[in-house]
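Subject: Structure handover

Hi,

Here is the structure for you to look over. My notes follow below it.

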Amino acid sequence: RFKKALELVAEDANWGSPIAEGHGRGMAICNFSGSVCAEVAEVSVYKRGKPVVHRVDCAIDMGRHVNPDTLKAQVEGCVIWGISIVNKEEITFKDGRVEQSNYDDYRVARMRDAPLINVRVIDSEQGPYGADAGLPPTPPAITNAIFAATGKRIRRLPIGRQKLV
């Protein structure tokens, strides 16, 4: 299942083909509660150091499923959440208390942060398992792509003010 997911996502992302200057591709895979999800992210970094996710390809084997469109939508939402974790989401403390109380003061990804997301559902007789497997590989795929584009390893999230350029 892992090998098939990796092969399919690499095919969808044109892994190994030339990529625009300043861009990088990164790959990650996970087993989350029985579901296998592989992702490839294409990322560039602005001159000021802000990463931009241009594309994320996913191949997910969550076993038997009923509605592939709902499954794809769930994985797309997980990818957006992963982008949010990489770039924005952070819980901070002041005087021993959490500073964020709701979404008005907790930074999350917006529509302008959404890349092209391609989800391939792998037919399988396993499971059924869950579609939430789309989240765990997103941050490592993005940070691996940043490394491919800049040579800088990301060791903590959110990326925030880390020097990428």
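Lys-50, Arg-107, Arg-110 and Arg-112 form a positive surface patch. Patch members have over 30% relative accessible area and no salt bridge, with like charges joined within 9 Å. Areas are Shrake-Rupley values with a 1.4 Å probe, and only the protein chains shown count as cover. Lys and Arg count as positive, placed at NZ of Lys and CZ of Arg. Arg-110 sits in the loop between strand S5 (97-98) and strand S6 (116-121). Helices (H or I, at least four residues) and strands (E, at least two) are DSSP runs, numbered from the N terminus.

This is a predicted model: local features need pLDDT of at least 70, side-chain atom pairs count only at pLDDT 80 or more, and totals for chains, interfaces and linings use all residues. Residues are numbered from 1 along each chain as its sequence is written, and side-chain values use heavy atoms, without hydrogens or water.

There are 6 salt bridges (a side-chain nitrogen of Lys or Arg within 4 Å of a carboxyl oxygen of Asp or Glu). One of them joins Glu-7 and Lys-3, at 3.9 Å from N to O. These two are separated by about one helical turn, because they are 4 residues apart in helix H1 (residues 2-12).

Arg-153 lies over the face of Phe-147, 3.7 Å from the ring centre. The criterion is CZ of Arg or NZ of Lys within 6 Å of the centre and within 35 degrees of the ring normal.

Two backbone points. The Leu-157 to Pro-158 peptide bond is cis, with omega near 0 degrees. Pro-158 is in the segment after helix H3 (138-150). Asn-14 is not a glycine, yet has a positive phi of about 55 degrees. Asn-14 lies in the loop between H1 and strand S1 (23-32).

Best wishes

Conventions: Patch = residues over 30% accessible without salt bridge, like charges linked within 9 Å, V, L, I, M, F, W, Y side chains within 5 Å.
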